[in-house]
Amino acid sequence: MMVQGVTAGILVVGIGGNNGVTLLAGQIANRDKLSWETGPGRVSANWFGCLTQIPPRGVHGGVGFQGRYEGLASADKAAIGGWDIRSTKLGQALYDCRVLEPDLVRQVREEMDGMDIMPGVWDPSFIGESQHETALNVVSGKDNSSTRCRLERIRRDIRMWKEKNNVDGHITVIWSASVERPSEAEYKSADELLDAIYDDANTDDISPSVLYAAASALEGCSFVNGGSQNTLSAAMTSLFEQSYRQPDAPSTSALSKFAPYSSCPAYCLGTDFKAGQTKFKTAAVEYLRALGLSPRVIASSNHLGNNDMLNLTQKKTLDAKMRVKSDIFGPWQEDDLDHKVSVMYTPYIGDEKRDYVEYTSFGFLSSPHTMVTYTRCMDSILCVPLMVDAAIWCDYFVNHKV
């Protein structure tokens, strides 16, 4: 999506998924100042939930940052595009996902149907079998003949997209595609990682998300991992270090094999989007601990019926998600805490995630204290603000040499 006066770029891996199309629809709605009918009444476009896009509120300013920092980009003017292994037109995908109100979908659908979708790099072994049948928009031929060729295709896509959309700010690539199973490949350094990618005879277990991340670093783009797979590692972090990607890299360095490359600053961050149950759960337990209580049992369940949850019906991808959901209390060293997590795929519910959590703690004289929370919200409505804020902050930090 090309916008006049572009300052920042956002490239989404999985642009046709619920998060991607909700982000695009939200930008159009805000750009064109749309309004639409809902059950309770008529509402107008806003960036609620996006801390970089809302102004400070209240006596002490609250958490909004728009207008507080000079040079903080407007999401209205960002260029947004991306890849997807599915060929469904983006307006149709928005209609199919049933996240937004029909009156809003009606107003943005035609424009979204005309947007380009770049073919995605994929490896069927990394995602659930439920995703294979619709993978009709994938990189093929010579560009898919080796790990190195797939990486170079992604780099070429980034450069061409940047030129086509006249992006004069920083680009952030966001993984919002299906959760992958964990990769078994491990590397100790950026050189080891790049050597493995470059070697056409290499058979290491290198995931598509690792290729997107590495390509981002080589093109001077930031990378946000919105999945729970193990994309980021010490080797990947080293690749993003500006000190590693210097223009005068020695010819013996693996980096020289991928010249020309960008020496611009870039960031890598994230392990899954956490704006719903898991994020609130950490805040709730901190609240209990601040009261001096001793958490003993946290039993939680969530169910929804979107494509991401369908992908998690396979054990190989579910394991990656459960690792992230189960490890959140590790740093607090609550040895007696019994933490149980259950996730369920319920097609009828669609994108509306429903969470139920019961917290039981010991209070004074070990008397039990129980608290229950119940949350309902469209999953994409929680994730999109994280995508926006991550990209806008990356752009700001790079431009201000933070």
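Student: In this predicted model, how do the residues of the lining of the second largest pocket divide into nonpolar, polar and charged?

Tutor: The model is predicted. Its second largest pocket holds about 620 Å³ of space. The lining has 25 residues, with Trp-36, Asn-46, Leu-100, Leu-104 and Ile-381 closest to the pocket centre. By class, the lining residues divide into 17 nonpolar, seven polar and one charged.

Student: Which element gives the largest share of the lining of the second largest pocket?

Tutor: Start with the elements that give two or more residues to this lining. They are helix H1 (18–31), strand S3 (42–44) and helix H11 (379–399). The largest share is six residues, and the element that gives them is H1.

Student: Which strands stand at the edges of the open sheet of six strands?

Tutor: Read the strand order S5-S4-S1-S6-S7-S8, with parallel pairing. An edge strand here has a single partner strand, so one side of it is left without a neighbour in the sheet.

Student: In S7, what is the bridge partner of Val-173?

Tutor: Strand S6 covers residues 171–175, and strand S7 covers residues 222–225. The two pair in the parallel sense over four bridges. In S7, the partner of Val-173 is Phe-223.

Student: What angle does the direction of helix H6 make with that of S7?

Tutor: Helix H6 (residues 208–218) packs on the sheet. The strands touched by H6 are S1, S4, S6 and S7. Its direction makes an angle with that of S7 of about 155°.

Student: Which strand does helix H4 run at about 155° to?

Tutor: Helix H4 spans residues 147–164. It lies across S1 (9–13), S4 (79–84), S5 and S6. The strand that H4 runs at about 155° to is S4.

Student: Why is strand S11 largely enclosed by the rest of the structure?

Tutor: Strand S11 covers residues 352–362. It pairs with strand S9 (residues 294–304) in the antiparallel sense over nine bridges, and Val-297 stands opposite Thr-360 in S11. Eleven bridges join S11 to strand S12 (residues 368–378), also antiparallel. S11 is largely enclosed because its buried residues number eight of the eleven.

Student: Which residue in the turn between S11 and S12 has a positive phi?

Tutor: S11 and S12 form a hairpin, with five residues between the strands. Across the pair, Asp-355 stands opposite Thr-375 in S12. In the turn, the residue with a positive phi, about 60°, is Leu-365.

Key
Residues numbered from 1 in each chain as written. Predicted model: local features only at pLDDT ≥ 70, side-chain atom pairs only at ≥ 80, totals over all residues. Heavy atoms only, no water. Pairing = 2+ DSSP bridges. Contact = heavy atoms within 4.5 Å. Axes fitted to C-alpha atoms, helices over the stretch in contact; angles between N-to-C directions. 1 Å grid on protein atoms, 1.4 Å probe; cavity = no way out; pocket = protein on both sides within 12 Å on 5 of 7 lines; lining within 4 Å. Points joined across faces, edges and corners; volume = space filled by probe spheres on them. Nonpolar A, V, L, I, M, F, W, Y, C, P; charged D, E, K, R; others polar. Buried < 20%, exposed > 50% of the residue type's maximum accessible area, 1.4 Å probe, protein only.
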